[in-house]
Each structure stands twice: as structure tokens, then as C-alpha cells.
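Below is my note on the model, point by point. Please read it with the structure open.

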Amino acid sequence: MPRWLPRAVVLTLALYACFQLGSWAFHQLIGLLVNILIAFFLALAVEPAVDRMAGWGMRRGLATFLVFIGVLAGAVGFVLLLGTMLAEQIVEMVADFPRYLDSVISWLNTTFGTELSRLAVQDSLLHSDWLQKYAQNSASGVLDVSATVLGGLFKLLTIGLFSFYFAADGPRLRRALCSVLPPAKQAEVLRAWEIAVVKTGGYLYSRSLMALISGAAHYVLLAVLGVPYAPALAVWVGLVSQFIPTIGTYLAGALPMLIAFKGDPWYAVYVLGFVVVYQQFENYVLQPKLTSKAVDIHPAVAFGSVIAGTALLGAVGALIAIPAVATLQAFLGAYVRRYDVADAVTGPRRPRGPRPWRRGSR
């Protein structure tokens, strides 16, 4: 047996054990890594506001705290508006359920000649096996729901703490990161960081402005039609249509259409037509003017990045895909050298303008 063979076997086994240990640790920490990634992009989004407030002489920690208080107040206000609307809708549906049931039973008796009664239907429903099994499963799933809620709150707290530290200690974090790099690499890291801050912050602020304009436009329509909960529905349409990529427009328009349909079916048609028209105005007029400087990427690239982000990280990947791709595109554009395209590729250029006048021609 060669002398090097036992040592090679031991080294191979050690490397395999390290790989398995690293893979196990990565899968155990994937949730924490995703939360840190979300916190990093959130810190990049609020850092321009923090830098501006710090430039006014305010301490960076206090500026970050005030910015996060504003973000938290906006999120809580949105949840309260939407929660109040949904709670009132559920109460109305429960109160009107006997009337709906009576109308359905009357239609069945008239159409099919049956002799059903609401009391008999309610009694059969209350004593049905599937309802009892559903109640048992719901009672046993209370602990699972509680654990899910507590886990979600813990994730939000983790993201909030990390994003606060990233935004408040941004300069110190950059210095600590650059201190382990040679001077030539430090400039590249700082440039990449600045591009990420500009693109992510620009994406957030441009989307917020578009959400404000969209919410105001839809509020005017809903108020004119007399649709209830117009302010809450306007906030819903503005935020969901702008911050949920690809399908946000359809999700945003579905809820006001449903509420409008309860008042008058034609109101739902009016809301649908307005959503379609406004979407075209936003895509071809409003969005190019507001996002051309902040996130200048091709629509096909944006759509593909959202699909790829969703496949990798789910809803989180869909939210951060566009600013991440915009940052990468801007960083590559700063270092990739471009050349003029030869005529052999594009074809010979045709002369533009009127043809020159020659003697003897008519």
C-alpha cells in the first residue's frame, strides 16, 4: 500500500464530513439567512432617508428610529383600515345569511318543486358529519395557528432588528467590510453598495409615489360611484398593485369589484373598465417617467427576474427581484465596456430625408 493512500482516504472522509456538516448547517439556517437578506434590502431602501436626516445634524440612530416608526405607523394603519373593512363585511354576511338562505330555498322550491324549509336545512347542517369533523379539526388546529402567528411575529422582529442595525450602522458596517479588503477592492465594494442604495431606494420611493397616485385615482372613482369603504379600498389598490409584482393589479382590482358588485352589478363593470384603462395609462405614461431613472430595466427582464425570484425565495424573492436585478445591471454597466456595432451586423444604413434633386428628373 502506498504511503499517501491512508492520508488521502482520511482527507477525503474529512472533506466529505465537512461538506455534510456545512450542508446541514445551511439548511438549518436558511430561514435566518432569508430574514437577513430581507433586512438588508429594507435597510438599503430606508438608507437615503436616514442619510438625509443625518445630514441635517440628527444622530443616525435617532434618524433610523424615526424612519422605522413612520414605516410601522403606515403598515399598522393599512392593516387597521383593511381589517375594519373585512370585519364589517363578515358581520354583514353573517347577519344576512338567513335572508340569503331563504331566497335560495325559495328559488329551489319554485324551480324544482321541492318542499324545503330553512329550519330543516339548518338542522341537517348542524348535525352533519362533515361539520363535526371540521369543528374537531379546527379545535385541534388552534395550537398550529398560534404557533404560526408567533413564528411570524418572531420573523418580523428579527427582520426589524437586523434592518435597524444595518441602516443605523451602515457606515461602520462598510468600514468593517472594507477593512479586510485590499485598497483596489474597497472602491469597488463601496461603489456597489452606493449603487444598491440608489436603486433600492429609488425603486421603493417611485413605487410609493405611484401607489399614492393610483390610490387617489381609484378613490375618486369609488367615491363618485358611492361604493362603501372607499378610503380603505383605495389604499388597498394603491399598495397591492404597486408592491406585488405581475399579479398585483389583478388582486388589487378584485376586492373593489366585489364590494361594488354588492351595490350594483354595473358598478363592478365600471370599476373593471377603470382598472384596465388606468393600468394602460400607468404602463405607458406614468411608469416610464417615474421609474426611468430609478429602475431602468426592460419589462421582459423585470418579468423574468420576478419569476426567478419567486422560484428561488417565494414571495420574498418576487419583492426583491427587481431592485436586485437593477443593482446588478447598473453595476455591470459601470464596468462592462461597450463597442459600436458594425454595419455588417445591423446592415448598411439607409440615407434619411428627401432624395437629392438631380437635373433632368421630374
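**Notes on pocket, salt bridges, rings and cavity**

1. **Who lines the largest pocket.** Seven helices, α1 (4-55), α2 (60-112), α5 (142-168), α7 (183-225), α8 (230-243), α11 (299-313) and α12 (315-335), each supply at least two residues of the lining of the largest pocket. Helices (H or I, at least four residues) are DSSP runs, numbered from the N terminus. The top contributor is α2, with twelve residues.

2. **Ground rules.** This is a predicted model, in which local features need pLDDT of at least 70 and side-chain atom pairs count only at pLDDT 80 or more, while totals for chains, interfaces and linings use all residues. Residues are numbered from 1 along each chain as its sequence is written, and side-chain values use heavy atoms, with hydrogens and water left out.

3. The largest pocket holds about 2100 Å³ of space. A pocket here is an open set of points on a 1 Å grid over the protein atoms alone, with protein on both sides within 12 Å along at least five of seven lines; lining residues have an atom within 4 Å of a point. Grid points are joined across faces, edges and corners, and a volume is the space filled by probe spheres set on the points. The lining counts 45 residues. Leu42, Val71, Ala75, Leu204 and Leu319 lie nearest the pocket centre.

4. **Salt bridges.** The whole structure has three salt bridges (a side-chain nitrogen of Lys or Arg within 4 Å of a carboxyl oxygen of Asp or Glu). They link Glu47, Asp51, Arg60 and Arg174 in a network. Glu47 and Arg174 form a salt bridge with their closest N and O atoms 2.8 Å apart. That pair links distant parts of the chain: Glu47 is in helix α1 and Arg174 in helix α6 (residues 170-178), 127 residues apart. Arg60 and Glu47 form a salt bridge at 3.5 Å, N to O. This pair joins helix α2 to helix α1, with Arg60 and Glu47 13 residues apart. Asp51 also bridges to Arg60, with the closest N and O atoms at 2.7 Å.

5. Which members of the network are buried, and which are exposed in part? Glu47 is buried at 2% relative accessibility, and Arg174 is buried too. Arg60 is buried, at 17% relative accessible area. Asp51 is partly exposed, at 33%. The cut-offs are under 20% for buried, over 50% for exposed and in between for partly exposed (1.4 Å probe, protein chains only).

6. **Leu66.** This residue sits in helix α2. Leu66 is partly exposed, with a relative accessible area of 39%. Leu66 touches Met53 and Met58, not counting residues up to four places away in sequence; contact means heavy atoms within 4.5 Å. The C-alpha atoms of Leu66 and Met53 are 9.6 Å apart.

7. **Aromatic pairs.** The count is nine aromatic pairs. Rings of Phe, Tyr and Trp (its six-membered ring) pair if their centres lie within 6.5 Å; planes under 30 degrees apart count as stacked, over 60 as edge-to-face and the rest as tilted. Phe68 and Phe164 have ring centres 6.1 Å apart and planes at 70 degrees, so the pair is edge-to-face. Phe68 in helix α2 and Phe164 in helix α5 are 96 residues apart. Phe68 is buried, at 17%, and Phe164 is partly exposed, at 24%. Trp107 and Phe112 are also edge-to-face, at 5.9 Å centre to centre and 85 degrees between the planes. Trp107 is exposed at 51%, and Phe112 at 56%. Elsewhere, ring pairs join Phe40, Phe41, Phe162 and Phe166 into a cluster.

8. **Cavity.** One cavity of 30 Å³ or more is present (a set of points where a 1.4 Å probe fits but cannot get out). The largest cavity has a volume of about 70 Å³. Its lining includes Ser214, His218, Tyr278 and Glu282. The largest share, four residues, comes from α10. By class, the cavity lining has four nonpolar, six polar and one charged residues.

Definitions and conventions:
Ala, Val, Leu, Ile, Met, Phe, Trp, Tyr, Cys and Pro count as nonpolar, Asp, Glu, Lys and Arg as charged, and the others, Gly among them, as polar.
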